Amino acid sequence: MDPVTITWNTGKKTGKIRKLNGGNLAPNIHGEMAGSNIRKSFRELNLAFARLHDAPLTNPGCRLVDISHIFPLFHLDENDPRNYDFSYTDDYIRNCIEDADTPIFYRLGESIDHSIKKYKINPPSDVKKWINICSNIIRHYTEGLWNGFKYKIEYWEIWNEPECGGNKKLDPNAKNLMWLGTVDEYNAFYVKVAKELKKRFPHLKIGGPAHCGFNSQPDITENFIRNCAKNKAPLDFYSYHCYAADPYGWIQETPAMVRELLDKYGYPKAEIHLNEWHYFPGDWHRLRNDSDYKLHMYEQEMKGLDSAAFLTTVMILWQDTPLTYGAYYTCVGGGFGCYRTGTTAVTPSWYGLKAYGDIVRYPVRLEAVSPKKEVSVLAGQDKAGNKEMLISAFKTGKMDYVIKTDIALTPEKCEVRMLDSDHPLCLLENVVIKGKTIRFSSSSNSACVLVKIKK
């Protein structure tokens, strides 16, 4: 096979490398004294932020984040601090911001409910009171209310996946998993909440609705944005989700579509957040009903080398889209996580996230071109003049690489780190550096590579 020849013009600046690598969930507080502490490895990912949706699902027994956990008895006085339980969430957020050095993106609402009987996902019976509760939570974490904190938490999202339906193919009577009202009822709810929260906190960014996908139901995105515009509701960011197997398709195409709709309805400054996404090459229905298949998908396909190359490819290609932020689901344990379930052992997907977290430390974007679609590249430079390139090879098979640069190179000033079946993002030994070229190979189906040129 002919080598893929990448050209790297280290003298040509083309803009900035954007830190699009948000994630979902913070390091767990559950089980940390029993060998589950991931704060150090989580910090190494250098995430843009951690979105706090589904936090109770990975912290059993902990009353975390959700409105019903912080304010469990809705009939009580929302102005009395004794009716709130901030203790678990205080530690969860403190650990993330102060110890793991990762900012927070706060989802106001409830975690997904996969139980037969739904418990906490009814529309609030008293919207005004719900807004007051949310306001006190915001003030506790940003203004120091009730022995709280003065964290810079910029993003506040109203609910999550209001259109998320149960599995109707398996159960015709299946209920929604996130919001038991209608979508129209949610849209009206969003307007009331967003307008009041923005009035009270004009300096914060208020948005939503974390749709399951862009137009996951016919016209759902446009209907939501149109309703916001009609009622003059603030929409600082529109959020949605995408689980995919093709890094070049829908996950790349939708940001431009969302931008078009936001501009159409008078929100030219609204940010675009694809704040749940993951590599998923399987069958959702089979995942829920075949335990062996589920185990294989969770522990192999969704955390393996293909997944790592998928996620780095996606974030490289996002550089040239209108997307403001992505948020990988998730950056902790569990089936969708980047750790082996039930352990602190990292997986190839963790290394892929770490590789992207490294390239954003070189924010001045440099010209780099790959002739092969399946090999994506992103290069940058830091303030000191050091240069780095991230190469993502998605399902290429065995591949030989040649990097042609515009500067003379020496082995002492170059290093290549590879993530493939033989290398956990470690230094590659069989690298040939001669003149202005760097040569190396990978024998894996997929791979991620970091090439550094020291000043």
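Excluding residues up to four places away in sequence, Tyr106 touches Leu52, Val65, Ile70, Thr89, Ile93, Ile137, Ile153, Tyr155, Trp156 and Glu157, where contact means heavy atoms within 4.5 Å. The structure is a predicted model, in which local features need pLDDT of at least 70 and side-chain atom pairs count only at pLDDT 80 or more, whereas totals for chains, interfaces and linings use all residues. Residues are numbered from 1 along each chain as its sequence is written, and side-chain values use heavy atoms, with hydrogens and water left out.

Tyr106 and Trp277 touch the most other members of the largest nonpolar core, which holds 107 residues. A nonpolar core is a set of buried Ala, Val, Leu, Ile, Met, Phe, Trp, Tyr and Cys residues joined through side-chain atoms within 4.5 Å. Buried denotes under 20% relative accessible area, exposed over 50%, and partly exposed in between (1.4 Å probe, protein chains only). Helix 10 (residues 305–318) contributes the largest share of this core, nine residues; helices (H or I, at least four residues) and strands (E, at least two) are DSSP runs numbered from the N terminus. Another core, of 25 residues, lies apart from the largest one and includes Trp8, Leu366, Val375 and Ile453.

Leu287 is located in helix 8 (residues 284–287) and is buried, with a relative accessible area of 4%. Beyond its neighbours within four places in sequence, Leu287 is in contact with Phe280, Tyr293, Lys294, Met297 and Tyr298. Between Leu287 and Ser111, the C-alpha to C-alpha distance is 20 Å, and the two are 176 residues apart in sequence.

Zero disulfides (pairs of cysteine sulfur atoms within 2.5 Å) were found in a search of the whole structure. Cys134 is in no disulfide, and the nearest cysteine sulfur, that of Cys228, is 16 Å away. Cys134 is buried at 0% relative accessible area, and Cys228 is buried at 1%.

Two cis peptide bonds are described here. One joins Gly208 and Pro209, with omega about 0 degrees, and Pro209 is found in strand 6 (residues 205–211). Another runs from Tyr329 to Thr330, with omega near 0 degrees; Thr330 is placed in the loop between strand 9 (325–328) and helix 11 (348–359).

Positive phi values were also found. Asn147, although not a glycine, has a positive phi of about 60 degrees. Asn147 occupies the loop between helix 4 (127–142) and strand 5 (155–158) and is exposed, with a relative accessible area of 75%. Leu425 is likewise not a glycine and has a positive phi of about 55 degrees. Leu425 lies in strand 15 (residues 423–427) and counts as buried at 8% relative accessibility.
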